[in-house]
Amino acid sequence: MAEGIKDRVAIIGMGCTKFGERWDMSPQALMVEAFTEAIEDAGIEKKDIDAAWSGTCYEEVSVGKSAIPLAVTLKLPFIAATRVENFCATGSEALRGACYAVAAGAYDICLALGVEKLKDIGYAGLPQVDTQVGTALRFAFPNYTPPGMFAMMGTRYFAQYGLSPQEGKRALAHISVKSHHNGALNPKAHLRREITIDEVMNAPIVAWPLGLFDCCGVSDGAAAAIVTRADMAKKFRPDPVYVKALQIAVSSGEEMMCTDWDYAHVETTVHASQRAYREAGIKNAREEISMMEVHDCFSITELTEYEDLGISPRGRAKEDIEAGFFDLDGKIPCQPDGGLKCFGHPIGASGLRMMYEMYKQLQGKAGPRQIKDPKFGLTHNMGGIPPLNVVSVCIVGL
Amino acid sequence: MAGITSYGAYVPIYRINRMTIYSALGWLNPASLLPGEKAVANYDEDSLTMAVASAMDCLRGVEREKIDGLFFAATTTPYKERQNAGIIATALDLRPDLRTSDFTTSIKAGTGALISAYDAVTSGSAKNVMVCASDCRLGKPGGFQEEIYGDGAAAFLLGDSGVIASVEGTYSVSYDFVDTWRAAEDRYNRASEDRWIRDEGYSKFISEAISGLLHKYNLTPQDFAKVVYPCLYVRAHADIGKKLGFEPGQIQDHMFTAIGNTGTAYTLMILVAALEDAKPGDKILVASYGNGSDALFLQVTDEIEKARDRRGIKGHLASKKDLGSYEKYTTFREILDIDTGGRGEEIAATQQTTLWRERKMILGLCGSKCKRCGMPQYPPQQICANPKCGAINEMEDYRFSDKKGRLFTYTGDVLAFSPSPPAIYGMVDFEGGGRWLFDLNDCDLDSLEVGMPVEMSFRRKYHDVSRGIHAYYWKATLVRA
């Protein structure tokens, strides 16, 4: 295996907008809000940026195709700029592009920016773009929404591990209660209210067995990172955050077409995380990872990720959840910023929003949510549906 | 000897009690109440999908490769230009060197198609011709026709070997008798006065065709085990047989109070019910109705015993669900213009180029099977999806539509728009290998369990009214008893 890019790239500045129903803000205004915070944080000027990656998933309801909207909005004249899209891993892909370019020696300072303006769709949930799976598969896919595709993982997980719907839903409820607790402490979060197990259990069903509080919000937002060569990083700030691993894994069809996969875990997360741990030199994730921001589009997604990331034993995430292992004061706090659950999921921005929290935590700037002496922070995105998806795993540290 | 070599039928799972209709709109037309219930197509069913369902029933144990003709009879064809029989043939994965025709504009088109198929076989121009008759007619809300019409389909295969009921003779009468009609611009049927239809049309034409056939072949009513003809009016139905000299026990039950008058399919569905109980040697007399009448004289053979595994009429009548409300009925039939919300309005343009190129995959539910490792896979792949194999371009076609499966996981989705929420879908593992995600229909979320057996059902995927598109695909349903 290639040696990877561990400790060759550093993040020296980050910005993140408040997420939410930003009815008064255009996607361009969100980009400017995240960008100005990032360059001020890095202590650089606009002209110092050599190249940029922008991430937007649903360009139809947002800024449009290509990197032109980024360059025009931020007035980045004639630099190399690229738009990336890889479903929910879009923001992490923008970061990966920027980091790989720096690691390759192609540029010294790069910008990664993700933005999504979902609240211009005109109805609840993600856009119903029936051709997003292609012009042929649109006929072959059921009339689905993301909650339903992930709900089926709940159905299957409960069946496989012998949980009654009530037992299963109660374990899932702990996950949402924990995230709302953290989100309530975060001024940038969309949803800032503590919730109770009973509220989660009794909420209206969105897609059986998932209820309203098992689903993340839908919101507008943008986030940005400035990355540079590790050997230059301390010129900008005393506490740069170093990239330890950036990995992507993509389904190639076996989960969807062969009958082996159990629909109770996400195989791509297993592959991406194992590669990331190797790249970062992590031997025992449960002992070495200090904190995580995982892709909690739905509570069941987060539950299975605990197992797929190698933190909880297979089929036993429920025990860790109920023991408070992932709470803010637990062994590995998960979603310390409130997660997708409280931030909502403006697709292109989410990966960078997660990284923003890890970055601030490592620098000791997370305020009331501060985790004590974190060493390694992990971010994880999973885009698509459980049988067919893209997963990113990033690990950063001091 | 030529005749029927296989039969099948389809009755949608939903029924609406005629009292439910009357409770909603009886105030408008207090005399409109009729007895019993009628079969109602689900929101994703139409005459074409029901025809495919009846054909699937008819094709049990039949080699599809030998079929060289397909005739579709319906007055409610989804397309007025674009051959509906061609869509059915593609759905059934029939061979392309096939003669197809639509028989339409009269509810006697079903027997018309049957006689034409028989003629094709006896002339030698075709060997095995399938006939599907189906209808899903609309009467105006609050009128008699709305209570009369039911939805359903029947299918027959005609050939000259393995004949289960030979066609021994036919006799037809044709009149431009305008009892019910629907002009090109009409959505609902119109009807003339009932008494005139009953006395001058319905009672006379069926009697004339049956008498003509008896005379032509020098037969008497006593020669027949069963006589089959449709019902428009329950009492008049009994009177026709009685006046012709048939005993009540010879008259095949009309199912008017269980299914309703299914138009083009009706006479043939009653014939399927007659064949289900027929014994070798039985003679069956069939007469349709609609702008005249076609009569046929059938002779049941010993081969009938080999065709007992059809779901047919009996099997379909054994499983049913009460639709419950008139509003749901009018929603399913797109009579009520419901609020679908923004999500329900989003239908992207339909790429006919894609549908043509991928017709076997989409309409035919064909995937591929790896010749090296043997794994069936859907949709069709060029490079084997089995990670232990990976063979390149070593695939053969593999049809999933006739395979049973098991429900691997499922959900009921309230966010997705459905005219019958929640939208239920799940992952199906097929017997013999292969899996895919499918919409599930005709079931309740509460009745589902992981591992339940399912089968495939051809349904309308979407109806894009603004572009004139009825798009079709396959869904999963629980196996009907």
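Where does B:P379 lie in chain B? You will find B:P379 in the loop between β16 (376–377) and β17 (395–399) of chain B; point 6 comes back to it.

Before the points, some ground rules. This is a predicted model, where local features need pLDDT of at least 70 and side-chain atom pairs count only at pLDDT 80 or more, while totals for chains, interfaces and linings use all residues. Residues are numbered from 1 along each chain as its sequence is written, and chains are lettered from A and ligands numbered from 1 in the order in which they are written.

1. Chain B overall. Chain B holds 13 helices and 22 strands (helices are DSSP runs of H or I with at least four residues, strands are runs of E with at least two, and both are numbered from the N terminus). Its radius of gyration is 22 Å, close to the 23 Å that the globule rule gives for 481 residues, so chain B is as compact as a globular protein of that length. That radius is taken over C-alpha atoms, and the rule is 2.2 Å times the number of residues to the power 0.38. Along the principal axes, the C-alpha atoms of chain B fill a box of roughly 70 × 55 × 40 Å.

2. Burial and contacts in chain B. Of the 481 residues in chain B, 50% are buried. Here a residue is buried if 20 or more other C-beta atoms lie within 10 Å of its own, exposed if 12 or fewer, and partly exposed in between, with C-beta atoms placed from the backbone. Take the contacts in chain B between residues at least 6 apart in sequence: 73% of them join residues at least 24 apart. Two residues are in contact if their C-beta atoms, placed from the backbone, lie within 7 Å.

3. Two domains in chain B. Chain B is divided into domain 1 (3–332) and domain 2 (403–478), with bounds that come from an automatic or database domain assignment. Their C-alpha centres lie 28 Å apart. The contact takes 15 residues from domain 1 of chain B and ten residues from domain 2 of chain B. On the domain 1 side, α2 (47–58), α3 (84–91) and α10 (326–332) of chain B each supply at least two residues, and α2(B) has the largest share, three residues. By class, that side has nine nonpolar, three polar and three charged residues (Ala, Val, Leu, Ile, Met, Phe, Trp, Tyr, Cys and Pro count as nonpolar, Asp, Glu, Lys and Arg as charged, and the others, Gly among them, as polar).

4. Where the chains meet. Chain A puts 32 residues into the contact and chain B 43 residues. On the side of chain A that touches chain B, α4 (137–140), α5 (146–160), β5 (205–207) and α9 (254–257) of chain A each supply at least two residues. α5(A) gives the most, with seven residues. The residues on this side of chain A divide into 18 nonpolar, eleven polar and three charged.

5. Have a look at helix α7 (residues 234–244) of chain B, where B:H237, B:I240 and B:G241 are buried. Seen down the axis of α7(B), the buried residues fall within an arc of 85°, so they line one face of the helix; the arc is that of the directions from the helix axis to the C-beta atoms. These buried residues pack against α6 (194–216) and β11 (226–228) of chain B. On the other side of α7(B), B:R235, B:K242 and B:K243 are exposed. After α7(B) comes B:G245, whose phi is positive, near 100°.

6. Cis peptide bonds. One joins B:Y378 and B:P379, with omega about -10°. In chain A, a cis peptide bond joins A:W208 and A:P209, with omega about 5°. A:P209 sits in the loop between β5 and β6 (210–211) of chain A.

7. Positive phi in chain A. A:D7 is not a glycine, yet its phi is positive, about 65°. A:D7 is found in the segment before β1 (9–16) of chain A, and with 15 C-beta neighbours inside 10 Å it counts as partly exposed. A:F78, also a residue other than glycine, has a positive phi near 60°. A:F78 is in the loop between α2 (68–74) and β3 (80–84) of chain A, and its 6 C-beta neighbours inside 10 Å make it count as exposed.
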